[in-house]
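Hello,

Here is the structure we talked about handing over. Please open it first; my notes on the side chains follow.

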Amino acid sequence: MTGIEFYTNGHIVSDADSMRQKLGGLAKQYCAQSAIIITDIGITELGYVDIARESLEKSGVNVVVFDSVIADPPIEIVEDAIELARAKECDLVIGLGGGSSIDTAKIVALYPNAFQSVNELLDSDISGFKKIPLFAIPTTAGTGAEATFVSVVTANDGSKKAIYTPKILPDVAILDAALTLKLPRHITAATALDAMVHCIEAYTSRTKKNPISDALAIKGLQMLWSNFDKVLNHGNDIDARGQMLLGSTLAGIAFVNASVAAVHGLSYPLSIKFHIPHGHANALVMCGVFGFNLPAAASLYAELAHAVMPIETSLMTDLEAANRFINQLSDFLKASGLKYRLTELNITEQDIPELADIVVNTYARLINTNPMDMSVKDVEMIYRAIL
């Protein structure tokens with residue numbers, strides 16, 4: 001067996017209302033005196049920042065709030081957050097919200113190091129950097145950012161850039177299902193499908209698949225799969241919400257150690273050029289990519305099918321089970337209410353060559369981990385199938 005290096009959080013709390021009840025106490029365990037909460041204005045308006053502030057202040061921790069994060073955060077916003085943390089000499093960083101807020105918080109936690117611009121961190125070895133304590137509190141069940149050591153930001157040229165090092169792994173992840181109860185149906189659906197993609201791509205990774213990530217990917221997918229309909233149609237089911245949140249975290253641990261692949265490669269240009277939310281973009285292209293991968297990965301998709309649909313697929317061949325698995329994912333997408341044709345999102349045939357070129361030439365690393373190689377023509381074919 002090839003060698004494995006595996007990283008995950010030192011402390012995960014999964015319990016409804018745990019932010020209110022436990023955040024302040026956890027902060028004091030890290031001897032925090034001044035915490036900066038990194039979030040977006042929507043989370044502030046929902047009252048979640050007030051809950052976090054109250055818990056922290058009850059434990060004697062001063063609170064600074066930066067709530068200017070936007071989706072796919074540009075470097076300038078990340079640097080604004082760093083400037084505030086430095087000015088206030090914060091000794092705890094808390095990412096509260098979706099993946100963009102948590103990814104921003106990961107970089108802010110590096111602020112004690114001598115760098116002037118986030119650009120200096122891109123494509124650099126920062127393994128020797130110091131990091132102040134970092135907590136992640138997700139409010140969606142999808143990105144898995146609370147359990148990953150990657151931070152994705154938008155560079156000045158509009159491309160997505162990643163800082164990828166175990167140095168930025170959150171020390172504590174707080175999974176509070178109560179924070180996901182107010183999610184709109186379309187965000188619930190998109191983030192859930194995003195998390196399923198994380199499980200599937202981790203399990204089928206060509207380069208870094210390993211037994212630990214496999215086990216987490218299967219369990220995460222089972223939790224997400226069995227609760228998808230519940231959270232879509234009974235959004236106040238807090239147990240189902242909790243299952244989805246934990247499933248998403250397991251997916252995050254799996255994929256950051258095993259890698260994602262071509263679904264993400266094809267989704268990134270859709271998000272960058274057409275501002276389609278990341279989870280929705282993944283959902284749009286997932287079945288086309290998985291179908292393309294069948295010659296190399298049918299047996300792996302079949303294993304996942306047996307894990308989530310054991311009775312239905314028990315007598316099927318690998319190819320039959322794999323196709324049934326992909327068809328069910330397509331049914332999930334159609335049932336979600338999300339748009340699932342590119343033309344519905346103002347993407348036309350004329351856009352496809354440019355999109356495909358970006359995939360192959362900018363995100364080649366995600367093709368390299370995919371079960372099958374992809375040419376520009378292959379990517380164009382997958383996009384055209386969902387026009």
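The charged end of Lys209 sits over the ring of Tyr203, 3.6 Å from the ring centre. (A charge counts as over a ring if NZ of Lys or CZ of Arg is within 6 Å of the ring centre and within 35 degrees of the ring normal.) Arg86 lies over the face of Phe115, at 4.9 Å from the ring centre.

Some ground rules. This is a predicted model: local features need pLDDT of at least 70, side-chain atom pairs count only at pLDDT 80 or more, and totals for chains, interfaces and linings use all residues. Residues are numbered from 1 along each chain as its sequence is written, and side-chain values use heavy atoms, with hydrogens and water left out.

Next, the aromatics. The structure holds 10 aromatic pairs (ring centres of Phe, Tyr or the six-membered ring of Trp within 6.5 Å; planes under 30 degrees apart are stacked, over 60 edge-to-face, the rest tilted). Phe149 and Tyr164 have ring centres 5.3 Å apart and planes at 65°, so this pair is edge-to-face. Phe149 counts as buried at 4% relative accessibility, while Tyr164 is partly exposed at 45%. (Buried is under 20% relative accessible area, exposed over 50%, partly exposed in between, with a 1.4 Å probe and protein chains only.)

The rings of Phe290 and Tyr301 are tilted, with centres 5.4 Å apart and planes at 55°. Phe290 is buried at 1%, and Tyr301 is buried at 0%.

Last, Leu329. Its contacts (heavy atoms within 4.5 Å) include Met196, Trp225 and Phe290, not counting residues up to four places away in sequence.

Best wishes
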